[in-house]
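Good morning, and thank you for coming.

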Amino acid sequence: MAVHNADIAEVLYEVADLLEIEGENPFRVRAYREAARTAENHPRSLAEMVEEGEDLTRLPGIGEDLAGKIREIVETGTLRQAEELRKQVPPGLRPLLGMPGLGPRRVRELHRRLGITSAKELEEAAREGRVRRLPGFGEKTERNILEALARGEAPQRFKLASAEPAARALEEHLEGCEAVREATVAGSFRRRKETVGDLDVVACSEDGRRVIEHFVAFGDIERVVSKGRTRSSVVLRGGLEADLRVVPEESFGTALLYFTGAQPHHVALRDMALQRKLKLNEYGLFRGEDRLAGRTEAEVYEALGLRYIEPELREHRGEIEAARKGTLPKLITGEDIRGDLHSHTTATDGRSSLQEMARAARERGYEYLAVTDHSRRLRVARGLDERRLREQMEEIDRLNEELEGITLLKGAEVDILEDGSLDLPDRVLEELDVVICSVHHKFRLPEKEQTRRVLRALENPNVNILAHPTGRLIGRREPYELDIERVMEAALERGCILELNSNPERLDLNDAHCKLAKEMGVRIAISTDAHSTSDLANIRFGVGQARRGWLEREDVINTRPLGELRRLLRREGA
DNA sequence: GCCGTTTTCGGCCCGACTGTTTTCAGTCG
């Protein structure tokens, strides 16, 4: 029934691809892509906005025409234009666009001249040597196509956490080169996006060749894709691609700006430069031949009349406007976090004991750690029943007597049962310092039922926090059907808090939801859901996501000192 | 197809690298 923003985005992306293969005006194609991007990033449901008669043309990149198309998708579940295009352009051509070396022009040629309509047919043609005979193609291209097909080339995205070790190792490797002054992984990694497609590395040096040679000698390289005077591209073991760009010191800021993106953000900056009769490229900001800025990002923003914009905000979601008006948020940082409100121990499915968790939290400089083991329904985790939970509560009391410099909060992560009731009796919940509730089963309920279930759980006056509110696992499990806006309204009304789960597999709430929560005034808890002492460090991923969601210290409950936190958890002054 | 502290029409980011060229188109980021 409900048409999600992701569905709308997918139709628009498809139209863009098919139009591009047809050879349409590239700016028209871009307009569809930008509208798709707007749709997928918009925190509110476009379907709802249509139903409520709101004006979609106020969204960036959406004019009368595209607003009408979005309305059509919402109302009919499809778009006539897309269906027409599918008749003209075989949909099997679309995946070919993603293959290295193949763009719209070449895909069109493959279709027109060789009648190719799918990857399979392309493979046959390449094997038979028919591809190399096309004008503009050659042996090398044909071989690359076959190799890509053999690798089962599906452009993969890597979770931020899994790309992080390679990113740090690369930075270190490059900084070990004498010719390098500074090296930074930019791109979506620097924007702390939940997944990254590749690593974009910018190095500052006067000797490009030497740096490139050093770069391709990095230990974990599977193959070198390209290698020039100032840039090179390699595939690391594990399949992650890394692109290096070397620039002189006076260009480091503009290069960083360019390679950090996101592309629409950077395009908007170039546009602003043009309006001022300036030119912005990776080498600097120029008026004619004069370089006005380039050494640092900050001086470029300043020269364009903008406040400095943190990388996590550079998604073209209103940050430029805010930078112009001076209304950018002061983003939360890791230092603002005073404690963790979601953790497990060996009492259930954790791998570290209560004491170990407490000490590890103290070592991180935290004031408090909430111990929130599972409730009985979660059999696989040996969830606690009332008796075992009471034992743990006593142990925590004892431990709090002994421990200095950290306070353990008594808590539980209680399952929300299918009817919205909770898996532990109120008489024990009301004795806890913090009660988290979450959905761990029956993910496939229809949206209405799932929403009703969660809303009912939030009605329980003992509940403080809704954990991993959408239940998604990045790349593995879609969020369950839930009217998140209604949940947020209820949370606001009842003084409940929504969790931003920092587990890099979850990062749930996502960035757009965080922004929506902030706009609505709903408070967030950034928690790790740690199952071992080392998991506590995952907080950095949550903080990154929170920054992407424009959150400030005030928006996040576990930036508060313990006394204030306790008052909030009792919902006083909520 | 969108958009406007120059504009309602005429713009729309721009440079490096590869492969196939013999002066450059296509792709990529």
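Into which domains is chain A divided? They are domain 1 (5–150), domain 2 (158–247), domain 3 (251–325) and domain 4 (334–569), with bounds that come from an automatic or database domain assignment. The C-alpha centres of domain 1 and domain 3 lie 29 Å apart.

A word on conventions. This is a predicted model, in which local features need pLDDT of at least 70 and side-chain atom pairs count only at pLDDT 80 or more, while totals for chains, interfaces and linings use all residues. Residues are numbered from 1 along each chain as its sequence is written, and chains are lettered from A and ligands numbered from 1 in the order in which they are written.

Let us turn to DNA strand B. It is surrounded by 41 residues, and the closest are Gly63, Gly103, Gly138, Ser226 and Gly228; a residue is near a strand if its C-beta atom, placed from the backbone, lies within 6 Å of it. Helix 13 contributes the most to this surface, namely 5 residues. Strand 8 is one of the elements that give two or more residues. Helices (H or I, at least four residues) and strands (E, at least two) are DSSP runs, numbered from the N terminus.
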